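Colleague: I would be grateful for a close look at one part of this model, namely the packing of a helix pair and the core around it. Please set out the details in a connected account.

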Amino acid sequence: MATTEEKSIMVVGIEDNQHSFYALEWTLDHFFGTSPSLFKLVIVHAKPSPASVIGLTGLGSVEILPSIETDLKKIAARVVEKAKEICTAKSVNDVIVEAEEGDARNVLCDAVEKHHASILVVGSHGYGVLRRTVLGSVSDYCAHHAHCSVMIVKKPKHKS
């Protein structure tokens, strides 16, 4: 019989780039550096589908589907492993790490629903308006569609 209150869930979205890993480290430092933390941590990586990658490369790419799938699985495994290593280095051991196939915007919003998260943390590439408009922004999408608070962690620009 549990007598303690359930912790709120924090979902952190990660991908294979420095901005995501910075956001994870910043989150661990600011929310999990004190004991006990107020949150249960769930880290989610969205693995693109091979079809979406082939869509970017053009027609005639079906024959390379198996190698693309293999590469995407290797990247996902590397991202998940690096997230676990960062958590271990910061003494955060009570963590769930998931890799789900799909568009990051949908995967993260779905993870919020699945885990009943109270906050979603994402990194920011720092793209300008034009590039964000053309490529789309995961953080903008999540800020408008996730059913929880969304925190966007930006990596500080280094002054030369």
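**Helix packing and the nonpolar core**

Modeller: In this predicted model, buried residues account for 38% of the 160 residues in the protein chain. The chain has six helices and five strands, and from the N terminus on these elements follow the order β-α-β-α-α-β-α-β-α-α-β.

The helix pair in question is H1 and H3, whose axes come within 10 Å and cross at roughly 25°. Angles under 35 degrees count as roughly parallel, and H1 and H3 are therefore roughly parallel to each other. The crossing in which H1 passes H3 is right-handed. On the H1 side, the contact is formed by Phe21, Leu24, Glu25 and Leu28, and on the H3 side by Val79, Lys82, Ala83, Ile86 and Cys87. By class, the residues of this contact comprise seven nonpolar, no polar and two charged.

Turning to the core, the largest nonpolar core holds 20 residues, of which Ile14, Leu24, Leu28 and Leu41 touch the most other members. At least two residues of this core come from each of strand S1 (8-14), helix H1 (18-31), strand S2 (39-47), helix H3 (65-89), strand S4 (119-124) and strand S5 (149-154). Another core, of 16 residues, lies apart from it and includes Val107, Ala111, Ala117 and Cys148.

Leaving aside residues up to four places away in sequence, Leu28 touches Gly33, Leu41, Ile86, Cys87, Lys90 and Val92.

For the chain as a whole, among contacts between residues at least 6 apart in sequence, 78% join residues at least 24 apart.

Notes: Residues numbered from 1 in each chain as written. Predicted model: local features only at pLDDT ≥ 70, side-chain atom pairs only at ≥ 80, totals over all residues. Heavy atoms only, no water. Core = buried A, V, L, I, M, F, W, Y, C linked by side-chain atoms within 4.5 Å. Buried < 20%, exposed > 50% of the residue type's maximum accessible area, 1.4 Å probe, protein only. Helix = DSSP H or I, 4+ residues; strand = E, 2+ residues; numbered from the N terminus. Contact = heavy atoms within 4.5 Å. Axes fitted to C-alpha atoms, helices over the stretch in contact; angles between N-to-C directions. Parallel < 35°, antiparallel > 145°, perpendicular 65-115°, else oblique. Left-handed = near helix turned anticlockwise from the far one by under 90°. Nonpolar A, V, L, I, M, F, W, Y, C, P; charged D, E, K, R; others polar.
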